[in-house]
Amino acid sequence: MRLTLPALIAHGRYGRRMGLGPESRINMLRNILTGLVRHERIETTWARADEVRIYAEKLIGYAKKGDTDEKAMKMASFWLTEKDLVHKLFKVLVPRLGSEQHGYTRVFQIPNRDSLDRAKMAVLELRGNPFPPLVTRQPDSNGTLLNQLLCGYRQEVTRSRAAGGD
Amino acid sequence: VSYLLFMCAVVPALAVQGPGIFPQPHRNEETEEHSFLDSIFWMAAPKKRRTIEINRCRRRNPQKLIETKTNIEPCSECGNLKQKHVLCSFCYEKVRRETAIIRGQIQAQEGKPLNNPAVETVVLYEGEKPADADAGKRIVERKRPRPSWFTQY
């Protein structure tokens, strides 16, 4: 399952190299995923956020099979190192996110880290978290009184010009 | 050398006509030195001073200049500059601080570590009552009026 094709398929390779090796990479991503399930919004480097996204969506996909499914339970107990989060996953996250097929997580790039490495950072969050939203949609200002009056005035001007022209 | 001279004095010299000093073989070092010096003479060096006009042409051509960025725009909420594909730093900082405070309150409510209850969370500000939809949820109360950027839906 490839979420962002250009990002992942770099020169025909799937998945980035991280940490001290493949095992270290999985352990690191497991820790980040546990943090994501606990806090529902975390800041990491952009590459790690991109990788954790894949595993987060797969985990929730497995968890949707239900509490009793053996494979789902195995996955949850492996990927979530803190065991109180296994209950949270099945009882809270699945009902909240179960109606959709994909897109349980969102990633936004934030300004580079303040420390010397100036790393490319991202904030990774689960949909429907209780925190303030990171992106607010601008309300449509066409419906305001002033804008409606101006619209009407513009229409009047064009009508009078057309009539005057004729 | 002193031993050889001594031997020449004791032993009768050979009756051979010839030059007193044997001809020394032509030393290679001198030829090598000559060719090295010669090779120096053929190295590249500027013939003329580069004029300031030519220097300016080289230093200021577009390949050497810093590229102008066209992906900077003002944020529609606060007016600070931001990159198009990056969240506004000012707006994000506001949200981050509020999130940190809420998380601090959650931690205080939980008490000990690894005590996350398997229920949803809802944040209520000053003067807000839990709605019907917030029936079984964990309530986090914030003692301030609701900020305008934290919409309820």
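# Two chains, question by question

Visitor: What is the relative accessible area of Arg118(A)?
Guide: Arg118(A) counts as partly exposed. That class sits between buried (under 20% relative accessible area) and exposed (over 50%), using a 1.4 Å probe and protein chains only. For Arg118(A), the value is 48%.

Visitor: Before we go on, what kind of model is this?
Guide: Residues are numbered from 1 along each chain as its sequence is written, chains are lettered from A and ligands numbered from 1 in the order written, and side-chain values use heavy atoms, leaving out hydrogens and water. Local features need pLDDT of at least 70, side-chain atom pairs count only at pLDDT 80 or more, and totals for chains, interfaces and linings use all residues, since this is a predicted model.

Visitor: Back to Arg118(A): what is its phi?
Guide: Arg118(A) sits in the loop between β2 (105-110) and β3 of chain A. Arg118(A) isn't a glycine, yet its phi is positive, at about 45 degrees.

Visitor: Which residue of chain B has a positive phi without being a glycine?
Guide: Look in the loop between α4 (89-110) and β3 (121-124) of chain B. The residue there has phi near 55 degrees, and its name is Leu114(B).

Visitor: What pattern does chain A follow along its sequence?
Guide: You'll count six helices and three strands in chain A. Those are DSSP runs, numbered from the N terminus: H or I of at least four residues for helices, E of at least two for strands. Read along the sequence, the order is α-α-β-α-α-α-β-β-α.

Visitor: What share of the residues in chain B is buried?
Guide: For chain A, buried residues make up 37% of 166. Chain B has 153 residues, and there the buried share is 18%.

Visitor: In chain B, what part of the contacts with a separation of 6 or more joins residues 24 or more positions apart?
Guide: A contact here means heavy atoms within 4.5 Å. In chain A, 60% of the contacts between residues at least 6 apart join residues at least 24 apart. The figure for chain B is 25%.

Visitor: How far apart are the C-alpha atoms of Val123(A) and Glu43(A)?
Guide: Glu43(A) is among the residues that Val123(A) touches. The two are 80 residues apart along the chain, but their C-alpha atoms are separated by 4.4 Å.

Visitor: What angle lies between the ring planes of Phe78(A) and Trp79(A)?
Guide: The search of the whole structure turns up three aromatic pairs. Phe, Tyr and Trp rings (the six-membered one for Trp) pair with centres within 6.5 Å; planes under 30 degrees apart are stacked, over 60 edge-to-face, the rest tilted. Phe78(A) and Trp79(A) are edge-to-face, 5.4 Å centre to centre, with the planes at 90 degrees.

Key:
Lists of a residue's contacts leave out its neighbours within four places in sequence.
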